[in-house]
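Please keep the sequence and the model in view while reading.

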Amino acid sequence: MKYVDEFRDPEKARSLLKEINRLVTEIDTCKDRPIYIMEVCGGHTHSIFRYGIEGMLPKEIELIHGPGCPVCVLPMGRVDDCVALAEMPGTIFTTFGDAMRVPGSKKSLLQAKADGADVRMVYSPLDALQLAKENPDKEVVFFGLGFETTMPSTAFTVLQAKKDGINNFSLFCNHITIIPTVKAILDSPDMQIDGFLGPGHVSMVIGTRPYEFIASHYKRPLVVAGFEPLDVLHSVWMVLMQIVEGRAEIENQYARIVPDEGNDEALAAVAEVFELREFFEWRGLGSIDHSGVRMRKEFVAFDAERKFTVPDIKIADPKSCQCGEVLKGVIKPFDCKVFGKACTPETPLGALMVSSEGACAAYYQYGDPARMRELEKA
Amino acid sequence: MCLGIPGQVVEISDATRKLAMVDVSGIKREVNLACIVNEDHTLDECIGDWVLVHVGFAMSRIDEKEAALTMEVLRELGEAQEEIEAMRLSGQR
Ligand code: SF4
């Protein structure tokens, strides 16, 4: 955790904080309960904890750490499917490093590798395609996961594989899409969210227009935010300004990276390769309609799900895990019975403990911001 | 994984596949430029561009100042090292 003095521009940070403190006194809701602001993106969660931003904000503001870490929301059954694919003879299973330690019902990919499966970490799906070229006698499967930020990369890779006629390459598609997810959160009865910090890099692909319904239908402000600590403070201030002025709009604090219209080239590739699934299963959140994509039938030959048989069994989250409640902001990570005991970053039970973008790992590493705030005042 | 990392386009390595060498903090690797190339900005015009690289794809053009700022934040988050390591080790056993 850092202090304001260590920020790149402490003056600006201080004046933003002063403004934020003033604004909360003008919001009536704050007299009864805190204002809840959800950051949808795991990158923001990481930044918020690393810089101790929550501890700097007045107690009238509570940040809810949303489901925006793709590794954290991966259900156990999908990890089991990965392990099954990886353990097929003659297979090289490739994945981003983040997914290696996510627990399945029996083992993680890392354990599968220790047991002899050929699992390799790659930096890019292009590297998996290259491996397929170099190993024509092996089947190379790439584990595609992530929101709209990573979708174009796998779409372009599949298009390239098709063009180059590389038939021993396939994608195990677990991409998820942000809009239905935010909608499910807004429709959930145990949720009270007053405003959102919108994901920066997802928006770089999809633009800001797909969020319009959040303002028009749900009357909640959303500010697309950058990752720098000043960006986050600035965006919180923008959300509060909207609330004070009784507005609900989609604003773009990160316009230096995010064009309102998104990235046409990326969106075209995504649309060519993927189509919406009827529903997709999330860890902790259950099934959400249209929240995932699969490959179009023109790409069957590159679709690991159709090319091979995956077990596709639904595995309930372990009873002791309360990841779902944490994801929805109903409980704080340390309220989970196994937090810091059976579940630590070294031995994660739930996925929120695996990645630095997961709320539980962040709390474990940086502590509880509310308590920090108390300590600071004492 | 979701944050990406800034780099500078050095040369085009495979024009038909829109691939270019990008320098990320001294590490050079091949990156796909398909998302930043269009009629208004051709492949050759990309040389010298600062870009945000995301799992091997340049996702947007950024200015040099933004690149430096982003790199600084990534270093502080401990993610710059992770990304660069992943780039370096990619595909190895
Ligand atoms: S402590 Fe572990 S099991 Fe509990 S919510 Fe967090 S990640 Fe899930």
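How many aromatic pairs does a search of the whole structure find over all chains? The search finds 11, where rings of Phe, Tyr and Trp (its six-membered ring) pair if their centres lie within 6.5 Å, and planes under 30 degrees apart count as stacked, over 60 as edge-to-face and the rest as tilted. The model is predicted: local features need pLDDT of at least 70 and side-chain atom pairs count only at pLDDT 80 or more, while totals for chains, interfaces and linings use all residues. Residues are numbered from 1 along each chain as its sequence is written, chains are lettered from A and ligands numbered from 1 in the order in which they are written, and side-chain values use heavy atoms, with hydrogens and water left out.

**Aromatic pairs**

- Phe93(A) and Phe143(A) form a tilted pair, because their ring centres are 6.1 Å apart and their planes stand at 40°.
- Phe93(A) belongs to strand 3 (residues 91–95) of chain A and Phe143(A) to strand 5 (residues 139–146) of chain A, so this pair ties together parts 50 residues apart in sequence; helices (H or I, at least four residues) and strands (E, at least two) are DSSP runs, numbered from the N terminus.
- Phe93(A) counts as buried at 0% relative accessibility, and Phe143(A) counts as buried at 1%; buried means under 20% relative accessible area, exposed over 50% and partly exposed in between (1.4 Å probe, protein chains only).
- Phe156(A) and Phe57(B) make a stacked pair, with 6.0 Å from centre to centre and 20° between the planes.
- This pair crosses between chains, from helix 7 (residues 151–164) of chain A to strand 5 (residues 57–62) of chain B, and both Phe156(A) and Phe57(B) are buried.
- One aromatic cluster is formed by Phe49(A), Phe334(A) and Tyr363(A).

**Domains and nonpolar core**

- Chain A is divided into domain 1 (5–71 + 179–260 + 322–377) and domain 2 (76–176 + 292–307), with bounds from an automatic or database domain assignment.
- The centres of domain 1 and domain 2 of chain A, taken over C-alpha atoms, are 31 Å apart.
- Domain 1 of chain A gives 15 residues to the contact and domain 2 of chain A gives 13; contact means heavy atoms within 4.5 Å.
- The largest nonpolar core has 168 residues, among which Phe169(A), Tyr211(A), Phe274(A), Ile5(B) and Leu33(B) touch the most other members; such a core is a set of buried Ala, Val, Leu, Ile, Met, Phe, Trp, Tyr and Cys residues joined through side-chain atoms within 4.5 Å.
- Helix 11 (residues 229–244) of chain A gives the most to this core, with 8 residues.

**Surroundings of single residues**

- Thr95(A) lies in strand 3 of chain A and is buried, with a relative accessible area of 0%.
- Leaving aside residues up to four places away in sequence, Thr95(A) touches several residues, including Met100(A), Leu109(A) and Phe143(A).
- His290(A), which is not glycine, has a positive phi near 55° and counts as partly exposed at 39% relative accessibility.
- Val55(B) also has a positive phi, near 35°, but is buried, with a relative accessible area of 4%.

**Ligand shell**

- The residues around the ligand include Cys321(A), Cys323(A), Cys336(A), Cys343(A) and Cys360(A), where a residue is near a molecule if one of its heavy atoms lies within 4 Å of it.
- The shell divides into 10 nonpolar, 2 polar and no charged residues; Ala, Val, Leu, Ile, Met, Phe, Trp, Tyr, Cys and Pro count as nonpolar, Asp, Glu, Lys and Arg as charged, and the others, Gly among them, as polar.
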